[in-house]
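Reader: I'm new to reading protein models, and I'd like a close look at just one part of this one. Could you pick up at the hairpin and walk me through what surrounds it?

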Amino acid sequence: ALLAGGRHVRRHSLGIRLADRELAAVLVRGAALLDAPAMLRPGAGCFVVSVANGPDRERILDRAALAPAPAPAA
């Protein structure tokens, strides 16, 4: 979801901007199933699904971090 929707990072939350309200609701429900409370709010021409700053946000960012690219074979 972070790759498809584009991250919307603020100091107090992590969010994803989406144009489709139903998809945003699916992300909120998915977050609830993962015990990461998320909030859905309207944005400028879109919807923003966000997770408040804290351990849930840190866990999501840690899992979404890209690993370094493997070194090319010699």
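Author: Strands S3 and S4 form it, with 4 residues between them. In that turn you'll find Gly-45, which has a positive phi of about 75 degrees. Keep in mind that this is a predicted model. The chain averages a pLDDT of 78, and 74% of the residues score at least 70. Among the elements of the chain, S3 (residues 38-42) has the highest mean pLDDT, 88, while helix H1 (residues 2-5) has the lowest, 58.

S3 and S4 run antiparallel and pair over 5 bridges. To find your place along them, look for Ala-38, which stands opposite Val-51 in S4.

S4 has another partner, too. It pairs with S2, again in the antiparallel sense, over 6 bridges. Here the pair to look for is Leu-18, opposite Phe-47 in S4.

So how covered up is S4? Mostly: 5 of its 6 residues are buried. Some of its residues also belong to the largest nonpolar core, which is made up of Ile-16, Leu-18, Ala-24, Phe-47 and Val-49. The elements giving two or more residues to that core are S2 (13-18) and S4 (47-52).

Leaving aside its neighbours within four places in sequence, it is in contact with a whole list of residues, including Leu-14, Gly-15, Ile-16 and Leu-18. Ala-38, Met-39 and Leu-40 are also among its contacts, and so are Ala-24, Leu-27 and Val-28.

Next up is helix H2 (residues 21-33). Its 13 residues should span 18 Å at 1.5 Å a residue, and the end C-alpha atoms are 19 Å apart, which agrees. Asp-20 caps the N-terminal end of H2, with a side-chain oxygen lying 3.1 Å from the backbone nitrogen of Glu-22.

Is Leu-34 buried or exposed? Its relative accessibility is 60%, so it counts as exposed, the cut-off being over 50%. One last thing to look at is Leu-34 together with Asp-56: they are 22 residues apart in sequence and 9.5 Å apart in space, C-alpha to C-alpha.

How values were computed
Residues are numbered from 1 along each chain as its sequence is written. This is a predicted model: local features need pLDDT of at least 70, side-chain atom pairs count only at pLDDT 80 or more; totals for chains, interfaces and linings use all residues. Side-chain values use heavy atoms; hydrogens and water are left out. pLDDT is the predictor's confidence in each residue, from 0 to 100. A nonpolar core is a set of buried Ala, Val, Leu, Ile, Met, Phe, Trp, Tyr and Cys residues joined through side-chain atoms within 4.5 Å. Buried means under 20% relative accessible area, exposed over 50%, partly exposed in between (1.4 Å probe, protein chains only). Contact means heavy atoms within 4.5 Å. The expected span of a helix is 1.5 Å times one less than its number of residues. A polar contact is a pair of N or O atoms within 3.5 Å; within protein, one must be able to donate a hydrogen and the other to accept it, and residues adjacent in sequence count only if both atoms are side-chain atoms. Two strands pair if DSSP finds at least two bridges between them.
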